[in-house]
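Please look through the structure shown below before reading on, keeping the sequence at hand so that each residue can be found as it is named.

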Amino acid sequence: LSSVLVQKPALETVRSSLRLLNASAYRLQSECRKTVPPEPGAAVDYQLLTQQVIQCAYDIAKAAKQLVTITTREKKQ
C-alpha cells in the first residue's frame, strides 16, 4: 500500500500513517521469523508470538484505514 502513494507526501498525517504502516510490516515480518526456533529443541513462546502478530496486524489495519480515510477525504475536496 505504501508503494502506491507518493514518496514524499505533503500531509504530515499521510507521512505518519506511512511510517506506522512500514514499521508494523517490518515488525510483523520479524515476529513471524521468531516462529522458527534458532536451534533444534529451543523453546518458543507461541502464545506471546501470537499476541505480537495480532498487535502488528492491528497496527497495519489501523494505518491502512487512516490512509484510506485521508485519500477519500482529499478526493471529495
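This is a predicted model: local features need pLDDT of at least 70, side-chain atom pairs count only at pLDDT 80 or more; totals for chains, interfaces and linings use all residues.

What follows is a short briefing on one serine and on a set of charged side chains.

- Serine 17 is part of helix H1, which covers residues 12–33.
- Is serine 17 buried or exposed? Its relative accessibility is 2%, and because buried means under 20% relative accessible area, serine 17 counts as buried.
- When residues up to four places away in sequence are set aside, serine 17 touches Ala63, Gln66, Leu67 and Ile70.
- Serine 17 and lysine 62 are 45 residues apart in sequence, yet their C-alpha atoms lie 8.4 Å apart in space.

- Glutamate 12 and arginine 15 both belong to helix H1, where they are three residues apart, which is about one turn of the helix.
- The side chains of glutamate 12 and arginine 15 meet in a salt bridge, with a distance of 2.9 Å from N to O.
- Glutamate 12 also meets the side chain of arginine 19 in a salt bridge, and here the distance from N to O is 2.8 Å.

- Which residue does glutamate 31 join in a salt bridge? The partner is lysine 34, and the closest N and O atoms of the two are 3.3 Å apart.
- Glutamate 31 counts as buried, because its relative accessibility is 8%, whereas lysine 34 is partly exposed, with a relative accessible area of 43%.

Key
Residues are numbered from 1 along each chain as its sequence is written. Side-chain values use heavy atoms; hydrogens and water are left out. Helices (H or I, at least four residues) and strands (E, at least two) are DSSP runs, numbered from the N terminus. Buried means under 20% relative accessible area, exposed over 50%, partly exposed in between (1.4 Å probe, protein chains only). Contact means heavy atoms within 4.5 Å. A salt bridge is a side-chain nitrogen of Lys or Arg within 4 Å of a carboxyl oxygen of Asp or Glu.
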